[in-house]
Amino acid sequence: MRIQQRQAGHSLVIIFACAAVIGGQQPKIGYDDTPLQPDGRWRIHDGTRPQPTVVTPAPAPLNPVPPPADATVLIGARDDLGAWQMMDGSPAAWTMANGVVATGKGMIRTRAEFADFQLHVEFATPSEVKGDGQERGNSGVYLLGKFEVQVLDSYRNPTYPDGQAAALYGQFPPLVNASRPPGQWQTYDIAFTAPRFKADGTLNQPAIVTVAHNGIVVQNASRFWGPTAHKKIEPYTPDTARGPIALQDHGNPVRYRNVWIRTLSSRDAQTSPASTSTFALWKAGDLDTHDRELSKHVGEDHSSRETLADYKSHRFRMLYRDADGNPEQHDTIIDIVYVKSGEGTLVLGGTMAGRRTTGPGESVGTRLDGGERHALGAGDIVHIPAGIPHAFLVPQGKHITYVLLKIPAS
Ligand code: MG
């Protein structure tokens with residue numbers, strides 16, 4: 001049944017009731033035979049869940065708002081889909097003209113992968129309305145390729161609330177319906193924290209998302225029950241900790257423009273201490289994946305790093321660097337270094353120039369004069385005693401990735 005609200009200010013519930021009387025039957029939306037969500041309150045795609053209140057947002061800006069200086073532009077003003085590919089890795093087959101991308105056959109995903117980020121997306125559903133419910137302007141923004149923020153024409157278009165625009169599909173409706181009319185440009189501003197897993201692969205913290213739809217907060221630190229699926233919720237698995245941004249093809253024409261992302265640094269503090277009684281195994285293949293990911297997020301200091309596990313008394317870190325590192329010295333910590341890939345030179349001992357203290361018994365410098373030099377390559381293991389200055393040098397155009405175990409000297 002096609003339902004159109006022509007008088008402003010009426011809630012969808014009232015319109016629904018009218019439509020039901022006119023039509024002589026209750027319009028069927030959603031499902032009543034799907035599993036309950038984990039908190040047991042509503043079924044997945046529950047048609048009886050309250051429809052979010054309509055809140056009219058500010059008028060759409062005429063032009064895209066320029067991205068901030070440190071953003072990575074995924075869809076920009078130039079007709080270039082180079083940041084994207086099909087899910088199978090083939091070139092992105094969607095079309096782009098005048099800075100606007102039109103959905104095509106099959107989902108597209110970014111080549112780069114992310115974990116924690118701020119994402120800005122602009123989309124528009126067709127001004128000529130065709131279809132109803134889920135068949136009207138359906139697309140989606142898939143965070144890490146797994147967690148969907150629904151894209152739908154939800155302007156006077158009732159559907160199950162956890163499937164309307166800005167819903168976490170199948171899980172959480174938006175707090176309010178902030179949709180603009182069909183054809184108008186709309187925005188999603190998304191702050192996303194990737195799920196965290198313990199060393200044994202079990203979930204430590206779910207994916208958390210805050211979404212502003214047309215400037216109105218509609219998801220406030222909502223916690224995904226798990227990866228998105230239709231009529232079910234998938235379980236968390238450690239491979240959902242990173243992933244691309246993907247845009248859904250749901251067979252409906254939807255346009256996208258001005259999509260940019262800012263990676264949010266993952267604070268080591270977010271890695272909760274693991275128990276020393278927890279068994280941990282990092283398979284070589286897993287470390288390869290970490291290595292590749294680190295190589296995509298190299299900072300201005302020519303390095304990137306992550307904490308694999310923090311046991312308080314000792315911790316495993318993984319570091320990637322593609323230029324010489326600054327020398328450091330720590331008087332109570334021993335470094336065990338396992339070189340995963342690449343090559344470099346370890347300088348051990350000597351005199352640290354530009355030395356400054358960074359903590360009790362810890363200092364860094366700008367250069368090491370003298371000392372021993374040891375060439376390092378993949379598979380090598382090094383024990384660096386406490387209290388000896390050391391630095392990693394990396395030839396131009398090369399990199400070194402190593403797993404570092406920091407343990408107390410006593
Ligand atoms: Mg969708």
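**Figure 1. Confidence of the predicted model.** The protein has a mean pLDDT of 89, and 90% of its residues reach 70 or more; pLDDT is the predictor's confidence in each residue, from 0 to 100. Residues 1-24 have a pLDDT below 50, and this stretch makes 23 contacts in the model beyond near neighbours in sequence. Two residues are in contact if their C-beta atoms, placed from the backbone, lie within 7 Å. Where pLDDT is low, the predicted coordinates should not be read in detail. This is a predicted model, in which local features need pLDDT of at least 70 and side-chain atom pairs count only at pLDDT 80 or more, while totals for chains, interfaces and linings use all residues. Numbering starts from 1 along each chain as its sequence is written.

**Figure 2. Overall fold of the protein.** The C-alpha trace spans about 90 × 50 × 35 Å along its principal axes. Two helices and 29 strands are present; these are DSSP runs numbered from the N terminus, helices being H or I of at least four residues and strands E of at least two. Of the contacts with a separation of 6 or more, 68% come from residues 24 or more positions apart. Among the 410 residues, 35% count as buried, where buried means 20 or more other C-beta atoms within 10 Å of the residue's own, exposed 12 or fewer, and partly exposed in between, with C-beta atoms placed from the backbone.

**Figure 3. Contact between domain 1 and domain 2.** The domain assignment gives domain 1 as 26-263 and domain 2 as 284-408; such bounds come from an automatic or database domain assignment. Five residues from domain 1 and four residues from domain 2 take part in the contact. The side of domain 1 that touches domain 2 has two nonpolar, one polar and two charged residues. Here Ala, Val, Leu, Ile, Met, Phe, Trp, Tyr, Cys and Pro count as nonpolar, Asp, Glu, Lys and Arg as charged, and the others, Gly among them, as polar. The C-alpha centres of the two domains are 39 Å apart.

**Figure 4. Backbone at His45.** His45 is in the loop between α1 (12-23) and β1 (53-54). Its phi is near 60°, a positive value in a residue other than glycine. Most residues other than glycine have a negative phi. His45 is buried, with 26 other C-beta atoms within 10 Å.

**Figure 5. Backbone at Leu144.** The loop between β8 (139-143) and β9 (147-151) holds Leu144. Leu144, a residue other than glycine, has a positive phi near 60°. Leu144 counts as buried, with 24 C-beta neighbours inside 10 Å.
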